[in-house]
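Thank you all for coming; I would like to walk you through one structure this morning, taking it piece by piece. Please have the sequence and the model open while I talk.

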Amino acid sequence: MRRAITFLSAITVAAMGWTLGTAQAAPAPPPPPRSAQETSFSAEQQRSALRFWTAERLRTARDVTTPRQTGASPAGPSAAGPSAAGPRVTVPPVSAPKSVSPSGTAPSGTAPPGTAPSVAASSPTPWTGGGLIGTTAGKVFFQNASGGTFACSATVANADNKSVVLTAGHCVVDAGTGEVYRNWVFIPGYANGNRPFGTFTARSLFHLGQYVSTGGNANWDLAFAVMGQVNGRSLVDTVGAQGIAFNSPTGRHVHSFGYGGSAAEGNGERLNHCEGDEYPDAGRPGSTMWGIDCVQTGGSSGGGFLADFDTSSGGGYLVGNISVSAGNNEYHPTLGNEALDLYRQAGAA
């Protein structure tokens, strides 16, 4: 049964006035800030991130919980959500190299300390189908300014530079402070602590300025990371890539994938799967998110929602990322014009 997210609405309406002189008009308002926000990491910072993530730190990283927001984000510029849909843009998936196969290692039975999820898992099942999703879905690890270590999920998206992953905004930046996280790495095909294709370190993180300026409005809760190379090979040349679609039709049958931290999901040590017919979020004024009747727990944040998913090949088109949960439902922001601009900048970085 669908259960809507509950939000408290706070709407601020600002009026703009101007004064015209006899011979001089008021100055034009300043242009709005670019929605794309980029944070880059030096080669030394990337090497440091690689050294930082020991097996012990992977094990003890806390799963980032999908936000269960109880109040609407503060109103602000573009607070309502993505602008009106533009032309549909789709980028096809890229098959994994012939030598690639996802790890088949069984999940651990021990949960890292301090990772109890705030909401129980509902319906997700282990993904045993392998295929492209088994190599392109992976786990994200990062550190915040106070030294805490955390885990999310992400998915490789086909892009010009062959190095982009889609994840959640709250896995990249603190919306309350604007702090961008550090020691950010992505491990494709992660399973039971194993790194079958190596550890890719972020060289740039891209989030939407609206996510921070609105104090965390979930409509903008998406981000892209540009990853470095491993053994001289790009991410896509190593594991393949999912397709990605912008301004695409909604209300379709979709599949979601993530590394939820509950015992039912393997304690964050395996890839899990949900599917269902998506419907709009009716529980929050101004929401542009869509969701399904299934929820994955903390650690699944940032995992991909895919449409036109082929269960035999494991390939499809990313249409969003796991963002917020409510009851037995999980929701994703839509990929509109602003997300397309962010993706193009990440793909050119």
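This is a predicted model: local features need pLDDT of at least 70, side-chain atom pairs count only at pLDDT 80 or more; totals for chains, interfaces and linings use all residues.

**Disulfides, sheets and one tyrosine**

Let me begin with C274 and C294, which are joined by a disulfide with an S to S distance of 2.0 Å, where a disulfide is taken to be a pair of cysteine sulfur atoms within 2.5 Å. Residues are numbered from 1 along each chain as its sequence is written, and side-chain values use heavy atoms, with hydrogens and water left out.

Coming back to the link of C274 and C294, the angle about its S-S bond is -50°, and the link is left-handed. This pair connects distant parts of the chain, 20 residues apart, with C274 in strand β13 and C294 in the loop between β15 (290–292) and β16 (304–310); strands here are DSSP runs of E of at least two residues, and helices are runs of H or I of at least four, numbered from the N terminus. Both C274 and C294 are buried, meaning under 20% relative accessible area, with over 50% called exposed and anything in between partly exposed, for a 1.4 Å probe and protein chains only.

How many disulfides does a search of the whole structure find? The search finds 2, and the other one joins C152 to C171, with S to S at 2.1 Å. The torsion about the S-S bond of C152 and C171 is about -80°, so this disulfide is left-handed. Because C152 lies in strand β6 (residues 149–157) and C171 in the loop between β7 (164–167) and β8 (182–188), the pair ties together parts that are 19 residues apart in sequence. C152 counts as buried at 0% relative accessibility, and C171 is buried with a relative accessible area of 0%. Counting bonded cysteines along the chain, the disulfides follow the pattern 1-2, 3-4.

Now to the sheets. Strand β13 (residues 272–277) pairs with strand β12 (residues 253–258) in the antiparallel sense over 6 bridges, and two strands are said to pair if DSSP finds at least two bridges between them.

Which residues is Y343 in contact with, leaving aside its neighbours within four places in sequence? Y343, found in helix α6 (residues 337–348), is in contact with V91, N158, A159, F224, I244 and F246, contact meaning heavy atoms within 4.5 Å. At 8% relative accessibility, Y343 counts as buried.

Finally, 4 strands form an open sheet with antiparallel pairing, in the order β14-β15-β19-β18.
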